[in-house]
Amino acid sequence: MTPDPHRPENAAPDTTGSTPTVARLLGRGTWREARYVAQLLRTETVGGAVLLVAAVVALVWANSPWSGAYATLRDTTVGPQALHLDLSLGTWAADGLLAVFFLVAGIELKREFVAGDLSDRRKAALPIAAAVCGVVLPAVLFVVTALVVNRAEGGDLGDVLRGWAVPTATDIAFALAVLAVIGTHLPSALRSFLLTLAVVDDLIAITIIAVFYTESVALLWLLAAAVPLAAWRMLLRRRITNPVVLAVPALLAWGFVHASGVHATVAGVLLGLLVPVNREVEDDPDRHSLAERLEHRLRPFSAGFAVPVFAFFAAGVTVGADVGGVLRDPAAVGVVVGLVVGKAVGVFGGTWAVARFTRAELDEDLSWTDVFGLALLAGVGFTVSLLVGELAFGTGSERDDHVKLAVLAGSLIAALLATVVLRLRNRHYRLVEARETADLDRDGVPDVYDESSERA
């Protein structure tokens with residue numbers, strides 16, 4: 001008998017006469033997971049629409065005859081000077097409101113690592129590999145492109161390379177808003193993959209901000225933050241969820257981290273990671289865990305207010321007067337290449353590598369075209385990209401304005417390309433959606449999930 005070249009040499013022979021089970025990538029998850037993802041994506045999609053409106057309003061206002069009023073509003077200083085919190089409204093949005101965004105991201109990370117896909121090493125390998133490749137390749141392409149453009153222009157490299165991390169982030173709200181606009185019926189497995197990918201992406205992004213964009217650290221203030229963080233954890237373990245009570249240690253932790261020199265949004269992630277998560281409760285479809293309840297309360301505020309307000313103050317740059325400067329700026333060109341090419345090739349390549357080295361196959365409902373469309377969509381970087389640009393080049397600097405325009409342009413190009421690819425498969429997605437929502441026995445659970453449970 002001819003030996004099977006795909007069977008590992010140390011594998012036991014198949015004596016059952018059955019066909020070996022092939023590992024599947026991006027398969028359909030459980031009904032509880034599908035419900036959770038659907039509910040979460042609805043909130044993020046609405047938030048993404050508000051985000052788009054806020055960004056457009058900022059752009060229009062900043063390029064209107066009343067642009068001076070926009071700048072005055074953004075630069076208005078409020079807050080107690082004695083506590084060194086006399087910050088502009090734009091800074092409050094970046095340091096304060098985005099901390100809420102990262103708090104929600106931290107809770108989501110904790111749930112994923114304890115009870116979600118990231119708790120299973122086999123399932124976690126795919127989104128982690130895709131996210132890491134989707135961070136590394138854009139950063140590398142940014143550096144290479146910036147060096148090439150700088151050499152061609154013959155200018156001084158200066159601080160250009162400080163922006164290497166700008167094109168590494170995916171904005172899940174913006175990406176979902178694009179999906180809502182183009183009306184694609186993306187299968188639940190792909191939506192779940194996009195969400196998990198963005199969760200890992202957020203973790204990498206906040207790590208980059210904390211490590212590479214912190215110039216000096218006041219250790220005493222950073223150590224002092226441990227006290228309110230411990231109080232926050234203790235209150236939650238005792239099921240004390242009164243928002244006024246929880247706000248006290250949360251604000252103190254934020255203030256101490258801000259005073260330490262570390263970007264204040266790091267406090268949000270730390271608070272989120274300290275929220276207790278019980279896997280048994282998370283897996284029970286009839287119970288709502290503490291982490292789930294907190295996330296449910298905070299996400300609408302984060303997606304519907306915090307992130308759009310930040311976008312409003314960050315996206316207001318003059319477009320028409322400096323297009324030539326943007327095209328000649330090595331950092332701006334590097335950002336566009338990183339978002340459009342780096343993200344797509346990185347995410348797609350990471351997914352393909354997992355399939356190649358684990359000999360797994362895509363789920364039968366999907367094709368590599370779907371993965372490529374999703375990888376293109378990952379190039380929609382907005383919120384964190386704008387934040388990193390401000391940290392790298394300084395808020396309001398000429399290069400920061402160039403990078404903001406590049407983020408907007410790169411995100412728009414990535415969104416348009418993703419639209420073309422995903423719309424080509426929309427008819428197939430409708431068929432998959434019909435199967436995933438059919439409930440012939442009327443038990444409230446789509447039949448495909450009943451069948452998955454029986455096979456398990």
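This is a predicted model: local features need pLDDT of at least 70, side-chain atom pairs count only at pLDDT 80 or more; totals for chains, interfaces and linings use all residues.
Conventions. I number residues from 1 along each chain as its sequence is written. Local features need pLDDT of at least 70, side-chain atom pairs count only at pLDDT 80 or more, totals for chains, interfaces and linings use all residues, and side-chain values use heavy atoms, with hydrogens and water left out.

Entry 1, the chain. I find 19 helices and 4 strands, taken as DSSP runs (H or I of at least four residues; E of at least two) and numbered from the N terminus. Of the 456 residues, 49% are buried (under 20% relative accessible area; exposed is over 50%, partly exposed in between, with a 1.4 Å probe and protein chains only).

My search of the whole structure returned 12 aromatic pairs. Rings of Phe, Tyr and Trp (its six-membered ring) pair if their centres lie within 6.5 Å; planes under 30 degrees apart are stacked, over 60 edge-to-face and the rest tilted. Tryptophan 61 and tyrosine 70 are edge-to-face, because their planes stand at 65°, with centres 5.6 Å apart. Tryptophan 61 is partly exposed at 28%, whereas tyrosine 70 is buried at 1%.

Phenylalanine 301 and phenylalanine 305 both belong to helix 12 (residues 290-314), 4 residues apart, about one turn. Their planes meet at 35° with centres 5.3 Å apart, so I record the pair as tilted. Phenylalanine 301 is partly exposed at 38% relative accessibility, and phenylalanine 305 is partly exposed at 40%.
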